[in-house]
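Please open the structure in your viewer and keep the sequence beside it. We will select a few places in turn and look at what is there.

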Amino acid sequence: MAQLTFWTGTMDAGKSTLALQTNHNHAARGRVGRIFTSHDRTGGAHISSRLGLTHDALEVTPDFDFWRYTVDALTRGSRIDYFICDEAQFYSPEQVEALAKVADELQIDVFCFGILTDFRTRLFPGSARLVELADRTEVLQVEALCWCGKRATHNARTENGVMVREGEVVVVGDVEAADEPHADVAYEVLCRQHHRRGLTAARAKAVSLAPEPLPFG
Ligand SMILES: [Zn+2]
């Protein structure tokens with residue numbers, strides 16, 4: 001039986017690296033796969049890992065139909081044994097449901113990789129649906145660390161160096177808006193305590209250099 005598996009972890013946990021490794025392992029055994037991504041950090045339709053590995057990928061746009069794509073490909077005589085689905089947090093719940101159907105009805109293994117929660121600590125809708133539907137949800141064992149050394153469990157977004165808790169869920173890379181000044185958006189992983197306090201590495205450094213101890217928290 002084909003399976004739907006969801007690998008999750010914080011941003012620096014190495015999900016894209018594992019996605020590319022998984023593809024390599026299956027391809028090396030002669031299996032044929034398709035690789036998908038959405039809003040990759042470099043902006044192109046490929047998977048790129050922080051370790052420098054890259055691979056071409058198909059971009060999952062909001063109207064992309066996994067079921068139709070797969071049925072069309074199989075009808076044309078293509079062979080597909082597995083899907084690698086990176087940045088799966090950006091997929092819609094409907095797209096995740098289609099992936100489950102592809103696994104069940106077409107016997108294609110689906111390996112999804114994505115972040116669980118956004119910078120507001122809320123579940124991404126696509127990730128929530130994956131947790132609900134996946135045969136297995138695995139938390140990556142390569143643990144990202146907060147600046148304090150504790151396990152980083154939360155994703156923070158900073159704009160111009162200041163941590164923010166509200167805004168559009170999907171802001172990736174340099175999204176230039178023509179008519180408004182462009183904030184410098186970055187992401188950082190933190191432990192829950194420092195996410196709650198909004199204490200990023202930069203702010204912690206500034207606080208530690210301040211002459212008086214500050215009552216933060
Ligand atoms: Zn911390």
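In which loop is the place of glutamine 107? Select glutamine 107, keeping in mind that this is a predicted model, and you will find it in the loop between α3 and β7 (109–114). Most residues other than glycine have a negative phi. Glutamine 107, however, has a positive phi, near 55°, although it is a residue other than glycine. Its relative accessibility is 40%, so glutamine 107 counts as partly exposed.

Next, select glutamate 87, which lies in the loop between β6 (82–85) and α3. Glutamate 87 is not a glycine, and yet its phi is positive, at about 50°. With a relative accessibility of 11%, glutamate 87 counts as buried, because buried means under 20%.

Now show helix α3 (residues 93–106) together with helix α4 (residues 125–133), whose axes come within 8 Å and cross at roughly 30°. The two helices are therefore roughly parallel to each other, and their crossing is right-handed. To see where they touch, select Pro93, Val96, Glu97 and Ala100 in α3, which meet Pro125, Gly126, Arg129, Leu130 and Leu133 in α4. Colouring these residues by type would show 6 nonpolar, 1 polar and 2 charged.

On the α2 side, the contact is made by Phe66, Trp67, Thr70, Val71 and Leu74, while α3 contributes Gln95, Ala98, Leu99, Lys101, Val102, Glu105 and Leu106. The residues of this contact of α2 with α3 divide into 8 nonpolar, 2 polar and 2 charged.

Is arginine 157 buried or exposed? Its relative accessibility is 0%, so arginine 157 counts as buried. Its side chain makes a polar contact, at 3.1 Å, with the side chain of tyrosine 187. If you also select arginine 120, which is 37 residues away from arginine 157 along the chain, you can check that their C-alpha atoms are separated by 8.5 Å.

For the last stop, select threonine 10, in the loop between β1 (4–8) and α1 (15–28). Threonine 10 has a relative accessible area of 10% and is therefore buried. Which residues is threonine 10 in contact with, leaving aside its neighbours within four places in sequence? They are Lys15, Ala144, Ala152, Thr153, His154, Asn155 and Val189.

How values were computed
Residues are numbered from 1 along each chain as its sequence is written. This is a predicted model: local features need pLDDT of at least 70, side-chain atom pairs count only at pLDDT 80 or more; totals for chains, interfaces and linings use all residues. Side-chain values use heavy atoms; hydrogens and water are left out. Axes are lines fitted to C-alpha atoms, for helices over the stretch in contact, and angles run from 0 to 180 degrees between N-to-C directions. Helices (H or I, at least four residues) and strands (E, at least two) are DSSP runs, numbered from the N terminus. Angles under 35 degrees count as roughly parallel, over 145 as roughly antiparallel, 65 to 115 as roughly perpendicular and the rest as oblique. A crossing is left-handed if the near helix is turned anticlockwise from the far one by less than a right angle, and right-handed if clockwise. Contact means heavy atoms within 4.5 Å. Ala, Val, Leu, Ile, Met, Phe, Trp, Tyr, Cys and Pro count as nonpolar, Asp, Glu, Lys and Arg as charged, and the others, Gly among them, as polar. Buried means under 20% relative accessible area, exposed over 50%, partly exposed in between (1.4 Å probe, protein chains only). A polar contact is a pair of N or O atoms within 3.5 Å; within protein, one must be able to donate a hydrogen and the other to accept it, and residues adjacent in sequence count only if both atoms are side-chain atoms.
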